[in-house]
Amino acid sequence: MQKLVTRFIKDESGATAIEYGLIAALIAVAIIVAVSAVGNSLSARFNDISANLS
């Protein structure tokens, strides 16, 4: 039983998976923010072009 507990305490594979998950989440948030900013800028540009054509 003691060997099982010692092996469980030394096992870091779960921590590594959590770290990779956090990195993936941060990358996803960065992509969402970037796409949102570009989308808003592009929308404003098309609105300006539309107003000038009218």
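Predicted model: local features only at pLDDT ≥ 70, side-chain atom pairs only at ≥ 80, totals over all residues.
Is Thr16 buried, partly exposed or exposed? Thr16 is partly exposed, since its relative accessible area is 31%, where buried means under 20% relative accessible area, exposed over 50%, and partly exposed in between (1.4 Å probe, protein chains only). Residues are numbered from 1 along each chain as its sequence is written, and side-chain values use heavy atoms, with hydrogens and water left out.

**View 1. The protein chain has two helices and zero strands.** Helices (H or I, at least four residues) and strands (E, at least two) are DSSP runs, numbered from the N terminus. Along the principal axes, the C-alpha atoms fill a box of roughly 80 × 10 × 5 Å. The radius of gyration is 24 Å, whereas a compact globule of 54 residues would have one near 10 Å; the value is taken over C-alpha atoms, and the globule rule is 2.2 Å times the number of residues to the power 0.38. Of the 54 residues, 0% are buried.

**View 2. Thr16 sits in helix α2, which covers residues 13–53.**

**View 3. Ser36 is another residue of helix α2.** Ser36 counts as partly exposed because its relative accessibility is 39%. Ser36 and Leu26 are ten residues apart along the chain, and their C-alpha atoms are separated by 15 Å.

**View 4. Met1, Leu4, Val5, Phe8 and Ile9 make a nonpolar surface patch of about 630 Å².** Accessible areas come from the Shrake-Rupley method with a 1.4 Å probe; for residues, only the protein chains shown count as cover. Val5 belongs to helix α1 (residues 2–10) and is partly exposed at 41% relative accessibility.

**View 5. Met1 lies in the segment before α1.** Met1 counts as exposed because its relative accessible area is 77%. C-alpha to C-alpha, Met1 and Gly21 are 31 Å apart in space and 20 residues apart in sequence.

Note on methods:
Patch = residues over 30% accessible without salt bridge, like charges linked within 9 Å, V, L, I, M, F, W, Y side chains within 5 Å. Salt bridge = Lys/Arg side-chain N within 4 Å of Asp/Glu carboxyl O.
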